[in-house]
Amino acid sequence: MRVVIADDEADVVAFLKSIVEELGHIAVSFADGNKLSQALMRETFDLVILDWNIPGKDGIDLLKWMQASLPEHPPVIMMTNRSAKKDISDALNAGADDYITKPEDRSVVAARINAMLRRNAGAGAFDAEAVYGKYHLNRLDQTVTLHGETITMTAKEFELADLFFRNADRTLSRNYIMETIWRTNAVLATRTLDMHISRVRAKLDLQPENGFRIFTVFGYGYRLETITTSN
Amino acid sequence: MNLRRRLAAEWLAIGLFATCLLVASLFWRGTAAFDHLLYDQLSAAQRPPADNDILIVAIDDTSLTALGKWPWDREIHARLLSKLQQKKPRAIAFDILLSEPGAPDSDQRLAAALSAGPAPVYIPLHFNTPGSNGRDYDTILPVPAFTQAAAGVGHVNIQFDDDGIVRRTTLCFTPDKGGKTWPHLITGLFQGKDPSFPKAGCAEPLLIPYTARGSFSEISYADILNSEVPDELVRGKNIIIGATAAGMGDNFPTPNGEGGMLAGVEVMANVLAASRRNDFIRPLPDPWTYALTLAPMWLLMFGFLRFRPRVVLMISLLSLAGILLLSIALLFGRLWFPPGTALLGILLVYPLWGWRRLQAMSVFMDSELRGLEQSGEVRPLPIPTNQTTDLVGRQSEALASAIDHMRDLRRFVSDTLADLPDPMFVTDPEDRVTLTNKLLNESLDKDISGWRLTDALDLMVIPDQRPMVDLYIAQSHAKGQEYVRFASPAEKTFVMRRSEVRSDSGILHGHIHYLTDITALAKAERDREEVLQLLSHDMRAPQSSIIALLDGPVDADARKRIERNARRTIQLAQDFVDIARMGETEFAGEDVLLADLVREASDSLWPLARERGISFAIRDTSDSAFVLAEPESLHRAICNLVDNAIKFSPADAAIGIDIGRHDETHIIVTISDSGDGIDADLLPNLFTRFASTGNHSGRVKGVGLGLAFVHAVITRHNGTVWASNGDNGGARFSFTLPIA
């Protein structure tokens with residue numbers, strides 16, 4: 001697949017390019033926002049990794065332009081030095097599908113790129129059983145098995161866990177989660193979602209030791225991250 | 001000119017002027033008319049009773065008609081005397097001049113009658129003035145035959161007062177200095193031949209207490225001659241023979257004359273009566289008169305200085321009455337004090353002082369008002385427009401409006417002071433606080449009015465810096481130091497400026513102390529210092545390490561260390577920005593499940609822990625407690641604590657993370673490691689910013705802004721954070737947060 005790397009820092013471009021190519025995809029880099037927008041109008045790409053401070057056009061402006069001008073635009077991962085909650089939520093709310101705060105580990109970046117490409121490729125089949133690392137999900141009796149022990153959960157908890165596993169390494173907004181699990185647009189008490197996530201985290205013992213962690217994107221949503229232990 | 005000095009000068013001038021005037025008045029009898037009038041009125045009110053032992057034999061009109069034209073032959077007088085002698089009177093004063101010799105046999109017969117007895121007969125001598133040969137008087141004695149025949153010779157001088165009225169007499173008279181002293185004709189009649197004559201002081205003038213007019217028994221000369229008078233009328237009486245007929249020229253105006261004249265003999269009868277009663281009225285001696293005249297005046301003058309005008313008026317009126325009463329009282333004591341001049345003194349100085357004082361006040365008010373106008377006040381003085389009153393009235397109005405104006409001004413000033421944007425206070429020359437403003441009171445939480453400066457400073461300045469502040473206060477003007485900067489016990493920083501307040505005339509009124517709260521400025525300064533410290537040391541150090549590492553072979557270990565140093569720099573920058581941002585923004589909390597936040601923090605540090613085989617032992621008894629938090633910063637704060645714990649834990653150790661209930665309202669998180677613990681002397685300052693940048697070794701080195709950030713975040717969340725060493729010797733960091 002074709003991945004656009006839009007950044008003006010050569011080191012970063014090289015770093016990302018090596019990851020993308022390692023994943024078996026094609027990397028196309030742009031160091032200028034205007035050139036990127038021209039290319040996006042002519043060509044088809046599967047993913048755009050967009051730097052916030054790209055010369056020519058501001059990252060957020062580019063995002064908004066894509067939302068407005070390209071009906072079938074590819075998913076966008078924002079790359080930024082900024083880690084403030086507001087900046088991240090601004091980016092996600094402006095239409096970015098995910099974000100990466102620089103500097104980030106190679107494995108994390110790879111996982112996030114993969115998740116984004118997988119989603120775009122329409123991944124996420126509904127088999128009766130699925131295996132995610134150490135976790136075995138049985139969608140029929142809605143149980144999860146870890147280390148050979150079966151963990152019993154409520155329907156909502158299982159659905160939530162299933163949603164996270166299916167969308168591992170993808171940032172899910174709170175609204176998305178609530179619409180998907182509770183099938184409602186109504187603003188649920190924030191504590192309800194927090195409590196459910198807390199319970200899922202505790203019951204499934206979702207922690208790096210077990211290969212996963214739940215990461216809160218403050219002001220936006222959650223992400224189940226796969227932990228890849230290098231060396 | 002100074003009002004007080006001007007008034008003093010006016011006072012003295014009035015006093016001296018009045019004194020001179022009164023002395024002159026006494027000397028030249030300026031108030032004689034009044035005094036005489038008063039004397040006459042007073043004496044009329046206390047006339048002595050008639051003396052029935054005195055009998056006047058009057059050469060009246062009846063006698064002139066009967067005996068023919070005056071002068072009569074002296075043989076007639078001889079006949080009269082012998083007729084009288086037959087009736088046995090006590091003594092006889094023959095008040096008819098006998099200085100020229102008459103018909104020889106008549107003179108002889110008279111001389112015989114004079115000496116015949118039994119009653120002694122006294123005859124008058126008289127004086128011509130001016131005398132011959134430059135003498136004041138020529139003494140004209142009776143004819144020697146008569147002088148020898150008579151029992152005695154005496155003068156019959158009549159003394160006229162300024163107004164021509166006869167009020168006084170002298171009982172003896174010395175025509176020439178050192179010459180013979182003559183008794184009054186009456187003296188002999190009264191006391192016979194007195195061997196002790198002349199008595200000392202007999203020459204002093206005596207005021208005659210007149211009896212009512214016509215109160216003496218009087219018999220016509222002719223009636224005696226015609227033997228128409230019973231002997232009893234004459235027996236034992238003091239006889240005065242003299243002229244009463246209008247044409248005889250021997251009549252004088254007297255106080256009891258009631259506008260008419262009193263015959264010389266009647267005056268003489270009064271003198272005799274007074275002598276017999278011994279109730280002559282003596283004029284007060286001059287020294288006393290002067291003293292009694294000037295004393296009330298000066299008393300009043302001192303009263304002016306001492307008392308309020310209303311009291312002074314009372315004193316004046318009382319003085320007037322007092323003087324009159326004194327005069328009357330003295331008169332009862334047979335002493336005459338003419339009160340006119342003394343009364344004049346009171347009547348003079350009272351209005352004089354009133355006038356001069358008003359004048360001085362007027363001039364003073366005028367100059368003061370002018371001065372006030374010219375002193376460039378904040379607002380011009382209102383000029384009174386009312387022209388209906390007099391000058392002083394207008395000045396008073398001007399003054400009243402000036403006072404109003406000053407009151408407004410004072411109000412204006414005190415309001416201004418009260419609302420000054422900086423605290424201030426004023427001290428008097430004795431360094432006592434006289435004025436404070438609202439801000440000072442608020443910032444000290446106390447009103448220090450009336451305090452001594454040194455006590456006030458005790459309250460404001462931390463003890464360490466007192467000497468410096470004292471030095472500034474003592475020397476500020478000498479050294480030209482403009483201000484002093486100090487810290488207060490309330491952990492604020494102030495700049496104090498002290499400036500003198502002097503009056504127009506240069507008198508030191510005190511000092512104004514302006515305080516400026518530069519706490520924020522001082523903090524900014526400190527922050528800047530810290531930034532410089534950060535940039536110059538903390539940021540550089542890891543970079544230097546990287547450069548040093550690149551110098552050698554870049555193997556796997558070196559790469560790892562380079563990465564760590566680079567991350568440390570980023571972390572430092574991040575912490576710095578976060579702390580700075582935290583100071584600028586309002587707290588905007590949201591519901592956060594604290595236990596999950598702690599888990600995520602430990603999750604995020606798992607790779608780091610794993611590298612060293614370190615594990616987390618998380619015990620959650622918080623029962624899903626929520627806190628109101630800024631999740632991002634709180635997350636990072638917890639990360640810092642966990643990161644710290646990892647850093648100082650030995651390899652393969654376990655880090656305890658406990659989330660539980662601290663009390664009903666607080667949740668507590670404790671992160672404990674099994675490292676070497678924290679030096680006891682570092683514990684108190686562990687959370688201050690850049691505590692690690694000192695020359696500390698071991699534990700704290702390399703922590704950077706981490707703990708300061710933790711402290712800032714927890715404090716921002718209304719929580720408390722502290723550090724201690726656990727039972728196993730490792731460090732324990734705990735913080736509490738209120739449960740939402």
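Reply: Start with chain B. This is a predicted model. Chain B holds 24 helices and 28 strands.

Me: How many residues does chain B have, and what share counts as buried?

Reply: Chain B has 740 residues, and 33% of them count as buried. Contacts in chain B can be sorted by separation in sequence. Taking those between residues at least 6 apart, 70% join residues at least 24 apart.

Me: Why is A:Asp51 called buried?

Reply: Count the C-beta atoms. A:Asp51 has 24 others within 10 Å. The cut-off for buried is 20 or more. The count of 24 meets that cut-off, so A:Asp51 is buried.

Me: Where does A:Asp51 lie, and which residues is A:Asp51 in contact with, leaving aside its neighbours within four places in sequence?

Reply: A:Asp51 belongs to strand β3 of chain A, residues 47-51. Beyond those neighbours, its contacts are A:Ala6, A:Asp7, A:Asp8, A:Gly59 and A:Met79. A contact here needs C-beta atoms within 7 Å.

Me: What feature does UniProt place at A:Asp51?

Reply: The UniProt entry, which is unreviewed, lists "modified residue: 4-aspartylphosphate" there. Such an annotation may be inferred rather than shown by experiment.

Me: What makes up the contact between the chains?

Reply: Chain A supplies 14 residues and chain B supplies 13 residues. On the side of chain A that touches chain B, α8 (190-203) and β11 (212-217) each supply at least two residues. α8(A) gives the most, with 6 residues. By class, that side of chain A has 4 nonpolar, 5 polar and 5 charged residues.

How values were computed: Residues numbered from 1 in each chain as written. Chains lettered and ligands numbered in written order. Predicted model: local features only at pLDDT ≥ 70, side-chain atom pairs only at ≥ 80, totals over all residues. Contact = placed C-beta atoms within 7 Å. Nonpolar A, V, L, I, M, F, W, Y, C, P; charged D, E, K, R; others polar. Buried ≥ 20, exposed ≤ 12 C-beta atoms within 10 Å, placed from the backbone.
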